[in-house]
Amino acid sequence: MSVHPSGITKQPSYDVAVVGGGPAGLAATVATARLGRRVVLIDAGAQLGGQYWRHPDLSSAGAHDHAGHRDWEVFEALTERIRRHRQTGAAVHLAATQVWFIEPPGPDTGAPAWTLHLAPTCGVQDDRMPRTVRADRLILAPGCYDRQLPIPGWDLPGVMAAGGVQALLKGQRTLAGKRAVVAGTGPFLLPVAAQLARNGAKVVAVCEANRIGRWAKQPLALARTPAKLAEAASYGWSLARARIPYLTGTVVMRIEADSSGNQVGTVKLGRLRSDGGVQPRPKRLEVDLVALGWGFTPALELVSASGAETRVDVDRSLVAVVDDRQQSTVAGLYIAGEATGVGGAQLALAEGELAGIAAADATHLERSRVRALGREIRRLRAFAVAMHRSHPVPPRWSEWLTPETIVCRCEEVTYARVSEASTRLGATDARTLKLLTRCGMGWCQGHVCGFATAALAAAGQTRPLNAEDLRPLAKQFPCAPVPLGSLLED
Amino acid sequence: MSERDRPTSVTGAQVAANREPATIHLTLDGRELTARAGQSVGAALTQAGIRSWRRTRHGGRPRGLFCGIGICYDCLITADGVPNLRACLLLASDGMQLTSTGPESTPTTDGGAA
Ligand SMILES: Cc1cc2nc3c(=O)[nH]c(=O)nc-3n(C[C@@H](O)[C@@H](O)[C@H](O)COP(=O)(O)OP(=O)(O)OC[C@H]3O[C@@H](n4cnc5c(N)ncnc54)[C@H](O)[C@@H]3O)c2cc1C
Ligand code: FES
């Protein structure tokens, strides 16, 4: 596979390119354009908003109530400013467009600027769409996705990522099932359950692996973010009103098919003991939807491709290293939002704006704003750390796997094969485990099984998970699917 | 978002979406389905009670939506002859013909991405 050299097609050139149209990318675009730089905003979504402000196609969906959207007025204000910058030509928005590869500037590549290779998110290349764009500075704001752990039966239809269930509701007004269990860990399970119930599903239980008492060990972070407490309380109230049981210290440890054999029918629950082990509970729940989420993990393929330094965060996700101006370890590359560590939309907004100011070389002109953003980022980061400490992945999660459990959904690799590779075939690190088993080498390139595969590689050697375990599973080329023609010289 | 809010550069899929009627008619393996304008193929199938449209290569396991946001590739579908499109991201359009994938034709990653 050879990538065609840049410069064959006409390449639009900008001062700054922003990848990602969620809270971080929107704030970055507005800040950059406000400071007089020409900016191109590239987003895989057909509509701006990212995950937080995902919404139905407003041009055809008719009247829409934004009850499920927090801070909708912030979104409207940001998109209105982008609209005005587009009219003056200061900003360009490429929608439904994925960046599948980035070439850094510099002596290695010979390019004077960043080159981004583009492909449509869906379908075939459109003539009006540029295949590459160039920019002097690059801001990556690619967001995150649900983190998953394998569970026996988790590849049955009707088992979905919690965020995906919510995305169907928020973006498509479509209910993924009628009788649901929501399971995993983290505050995000609450709005998913509440939104399912509000839209007419019966939520039979929310299974939270951790105990709420863990939050009591984080009093300072909670006191500094009263809005987050109020938000959690309002979801708690929604759950109580809809009579949804909130089972703490509880996991879904097995998922079984219904009589057709082709979709989920029941789940078996387990109780997490204080020593971390899992004890089966006799109770089974009949459901047609299982929504699973173990927090979120950043989309790091573009960061990895850029060569920027990464590290393991408090929640054991691989994240990008940035300084107090959102600058990565690569000159001219700024990173904002969940990619620097999962912390929520408000943190993403603050980081995005700061990245925009920094990429526009304006930190000295905007001293007081930069200081205020820095304070906001530290305050919200402290809350994120408290959240991660309160909702860790259960340390002994692999005990609920059976030999037949699928670990890698794409390549259909079972836990038995992973165990064999790490104990008998000498796969002492994640890279070798990946090569021997093909875990993380299928279509999703490790987005779904990456964390589990890395964790199993470390566990096989009875050592803690480290960055070297996670890195081989975060490297993905191409970074997004690409029409074959784009890879050939044309 | 109103018309003037459309991006400066639009892709074919979006232009098509603007011209769609309120109710879209499409088929899966010949079976007739409806979708609302602006709905994804994955959402339309889910709404019709269809939960899988693909079988895996080795185990022949049924697959449909999992991540819902374009990262897992479980939901791959063929639309109007174009294979390996993500149903969760693909906009439904009037007259679209969808085809499910059996284990014998499930693509490998080595064959190149679409
Ligand atoms: C499914 C899901 C639902 C969520 N719902 C909520 C919620 O309701 N409330 C909440 O507080 N938090 C939610 N989150 C958490 C988190 O996403 C938000 O805190 C917030 O959206 C983060 O903002 P961001 O700008 O960092 O990333 P995002 O909002 O995720 O935006 C990133 C954008 O970058 C785009 N992108 C990524 N890679 C590429 C590429 N290669 N080329 C082009 N574009 C690319 C994505 O399509 C996306 O539009 C959710 C997360 C997920 C995964
Ligand atoms: S459901 Fe995961 S890519 Fe479509």
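R61(B) and E412(A) form a salt bridge, with 3.0 Å between the closest N and O atoms. By salt bridge I mean a side-chain nitrogen of Lys or Arg within 4 Å of a carboxyl oxygen of Asp or Glu. This pair crosses between chains: R61(B) sits in the loop between β3 (54–55) and β4 of chain B, and E412(A) in the loop between β20 and β21 of chain A. Helices (H or I, at least four residues) and strands (E, at least two) are DSSP runs, numbered from the N terminus.

Are the two partners buried or exposed? R61(B) is partly exposed, at 28% relative accessibility, while E412(A) is buried, at 6%. Buried means under 20% relative accessible area, exposed over 50%, and partly exposed in between, with a 1.4 Å probe and protein chains only.

Before I go on: this is a predicted model, where local features need pLDDT of at least 70 and side-chain atom pairs count only at pLDDT 80 or more, while totals for chains, interfaces and linings use all residues. Residues are numbered from 1 along each chain as its sequence is written, chains are lettered from A and ligands numbered from 1 in the order in which they are written, and side-chain values use heavy atoms, with hydrogens and water left out.

A second salt bridge links D74(B) to R409(A), the closest N and O atoms being 2.6 Å apart. D74(B) is in the loop between β4 (62–63) and β5 (76–79) of chain B, and R409(A) is in the loop between β20 (406–408) and β21 (413–414) of chain A, so this pair also joins two chains. Both D74(B) and R409(A) are buried. Through shared partners, salt bridges join D155(A), R409(A), E412(A), R54(B), R61(B), R63(B) and D74(B) into one network.

Over all chains there are 27 salt bridges. One lies within chain A, between E366(A) and R34(A), at 3.1 Å between the closest N and O atoms. E366(A) is in the loop between α9 (345–359) and α10 (367–390) and R34(A) in helix α1 (residues 23–34), so the pair ties together parts that are 332 residues apart in sequence. E366(A) is buried at 16%, and R34(A) is partly exposed at 34%.

Last, E103(A), in strand β4 (residues 97–103) of chain A. E103(A) is buried but has no salt bridge; the nearest side chain of opposite charge, R134(A), is 7.1 Å away. Here Lys and Arg count as positive and Asp and Glu as negative; His and the chain ends are not counted.
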